[in-house]
Amino acid sequence: MPKTLTEIGSYGLADNKKIQYLDLSKTNLKEIKEGAFSNCNSLTNVTVPQTLEVIGKKAFFYCNKLEKIDISKTKVTEIPESCFELWS
């Protein structure tokens, strides 16, 4: 991903079954919008930069294999309730 990346648009990568690991640490990402990675059910690990401020609702909706995303060093202050929700 390019360093100039500042946001991932609403449903921008949704339904992508090929993404397994995503390293965004070298970008200037500030926002992951609603549903950006929803239904990416092969995604297991996401690395985000310290510049991240906002994660939209349903951003990782139905990413049932997601094991790790560390936001502890980011500027994110709130995680929407439906952010990591799975279908039942």
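Me: How many salt bridges does the count come to?

Reply: The count comes to one salt bridge, a term for a side-chain nitrogen of Lys or Arg within 4 Å of a carboxyl oxygen of Asp or Glu. Keep in mind that this is a predicted model, where local features need pLDDT of at least 70 and side-chain atom pairs count only at pLDDT 80 or more, while totals for chains, interfaces and linings use all residues. Side-chain values use heavy atoms, with hydrogens and water left out, and residues are numbered from 1 along each chain as its sequence is written.

Me: What makes Glu7 and Lys33 a salt bridge?

Reply: Their closest N and O atoms are 3.8 Å apart, and the cut-off is within 4 Å, so the pair meets the rule. In general, side chains of opposite charge can pair when their charged atoms come close.

Me: Where in the chain do Glu7 and Lys33 lie?

Reply: Glu7 is in strand E1 (residues 7–8), and Lys33 is in the loop between strand E3 (31–32) and strand E4 (45–47). The two are 26 residues apart, so the pair links distant parts of the chain. Strands (E, at least two residues) and helices (H or I, at least four) are DSSP runs, numbered from the N terminus.

Me: Why is Glu7 called partly exposed?

Reply: The relative accessibility of Glu7 is 38%. Buried means under 20% relative accessible area and exposed means over 50%, with partly exposed in between (1.4 Å probe, protein chains only). Glu7 therefore counts as partly exposed. Lys33, with 24%, is partly exposed by this rule too.

Me: What can you tell me about phi of Tyr11 and phi of Asp15?

Reply: Phi of Tyr11 is near 60 degrees, a positive value in a residue other than glycine. Phi of Asp15 is near 65 degrees, again positive in a residue other than glycine. Tyr11 lies in the loop between E1 and strand E2 (21–23), and Asp15 is found in the loop between E1 and E2. Tyr11 has 40% relative accessibility and so counts as partly exposed, as does Asp15 with 46%.

Me: Which elements does the chain have?

Reply: The chain has zero helices and six strands.

Me: How do you know how compact the chain is?

Reply: The radius of gyration, taken over C-alpha atoms, is set against the globule rule, which is 2.2 Å times the number of residues to the power 0.38. The chain has a radius of gyration of 12 Å, close to the 12 Å that the rule gives for 88 residues, so the chain is as compact as a globular protein of that length.
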